[in-house]
Amino acid sequence: MDNNKKKLSLLVCGGAGYIGSHMSRMLSDHGHEVTVFDNLSTGYSKALKWGDFIQGDLRNPDDLEKALSSKKFDAVFHFSGLIVVSDSVKHPFQYYDNNVTGTLNLLQAMRNNGVDKFVFSSSAAVYGDPIMDLITENHPLAPLNPYGRTKLYTEEILEDYATAYDFNSVSFRYFNAAGAHPDALIGEAHRPETHLIPNILLSSIDQGRKLKIYGDDYPTPDGTCVRDYIHIQDLCEAHLAAIEFLETSQGAHSFNLGNGNGFSVLDVIKAAGDVIGRKIPYEFEPKRDGDSPRLVADSSKAHKLLNWKPRYGDLREIIETAYRWHKNPAF
Ligand code: UFG
């Protein structure tokens with residue numbers, strides 16, 4: 001990939017979180033000037049090693065105005081989303097307030113300060129219960145929970161902004177982000193941890209921590225849910241390509257980001273066992289609300305228009321980077 005040579009000034013909202021910290025690091029490694037905006041509610045100050053830091057909250061327009069007027073930014077990356085599906089069902093106000101109202105505040109501060117390029121973290125959750133084996137961007141959009149609706153509404157807002165204000169954006173519909181930077185200085189750390197790969201690894205490290213599999217009678221070959229795991233560095237590379245794309249493309253664009261390979265929960269546990277070198281015990285629990293049986297991406301639009309291809313095609317390799325981090329996490 002021919003990454004842009006021009007040094008850009010970029011605002012990374014949510015840069016103290018899992019994806020945002022990997023992104024800040026990659027942007028900085030490519031010579032760009034990074035400023036992180038984060039309220040540190042779920043992110044970590046120890047992840048703030050790349051660029052300047054402005055502490056602030058999306059729900060406070062004054063914080064955003066201060067941040068956006070502090071420098072002349074070329075583009076904004078937005079990773080400051082609440083992401084736990086079950087919480088979104090219990091606390092829809094918080095999800096709409098942070099993920100939709102907060103994003104509107106951010107877009108307003110961008111417009112006030114003449115910034116018209118935006119890269120947004122959307123989700124495969126916009127598709128709901130899929131009717132295709134490999135999901136393309138044309139699949140019907142029918143989210144099953146408030147979390148997914150916050151992502152869909154934001155994408156729709158971005159389309160309206162493109163029409164009305166010449167505001168240009170890329171929304172990335174992530175499938176399952178996984179793994180850590182290969183040097184393990186940063187990695188995935190959620191409080192509480194709800195994601196499968198970290199939970200598998202944490203249960204193998206702390207043997208008092210039981211690994212639970214949610215559901216054994218999904219309509220999949222082994223009865224457990226199938227997902228498409230994509231390495232964090234590959235996700236970030238697509239964002240890097242998006243900046244270049246936005247230099248020449250107008251409008252609001254959405255892209256899937258996945259590997260195109262589906263692995264069941266049992267497949268992932270087996271692969272993690274191979275990486276660690278021992279079998280990982282688990283027990284079955286009832287299904288979680290809002291889990292789709294199968295979510296696997298067709299990412300050919302990103303291959304074609306962004307010239308993006310994931311480098312980590314092997315699930316074991318993805319888990320290996322995560323394991324390196326989880327054995328000795330810095331935060
Ligand atoms: N799972 C378990 N045990 C666990 C954790 C997960 O069995 O301890 C199962 C889930 O039920 C699901 C699969 O493993 O079938 C993957 O679960 P994750 O929580 O790792 O990922 P999800 O597919 O639920 O979530 C992903 C993103 C979320 C996003 C969601 C939207 O990681 O941030 O897609 O659909 F909200």
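R227 has F263 of β12 as its bridge partner. The model is predicted.

**The sheet.** Strand β9, residues 226-227, is joined to β12 by two bridges, and the two run antiparallel. Both belong to an open sheet of three strands, ordered β12-β9-β14, in which the pairing is mixed. β12 (263-264) and β14 (294-295) stand at the edges; each has a single partner strand, so one side of each lacks a neighbour in the sheet.

**The cores.** Nonpolar side chains tend to be buried together in soluble globular proteins. Here the largest nonpolar core has 34 residues. Those with the most contacts inside this core are I19, L27, F77, F172, L257 and L306.

The largest share, ten residues, comes from α7. Leaving aside residues up to four places away in sequence, L306 touches F172, A238, A241, A242, F245, F255 and K301. Another core, of 23 residues, lies apart from the largest one; I200, Y229, A271 and I319 are among its members.

**D116.** Where is D116 placed? D116 is in the loop between α4 (92-112) and β5 (117-123). Its relative accessibility is 30%, so D116 counts as partly exposed. D116 touches D166, F167 and N168, again not counting residues up to four places away in sequence. D116 and V76 are 40 residues apart in sequence, yet 8.5 Å apart in space, C-alpha to C-alpha.

Technical notes:
Residues are numbered from 1 along each chain as its sequence is written. This is a predicted model: local features need pLDDT of at least 70, side-chain atom pairs count only at pLDDT 80 or more; totals for chains, interfaces and linings use all residues. Side-chain values use heavy atoms; hydrogens and water are left out. A nonpolar core is a set of buried Ala, Val, Leu, Ile, Met, Phe, Trp, Tyr and Cys residues joined through side-chain atoms within 4.5 Å. Buried means under 20% relative accessible area, exposed over 50%, partly exposed in between (1.4 Å probe, protein chains only). Helices (H or I, at least four residues) and strands (E, at least two) are DSSP runs, numbered from the N terminus. Contact means heavy atoms within 4.5 Å. Two strands pair if DSSP finds at least two bridges between them.
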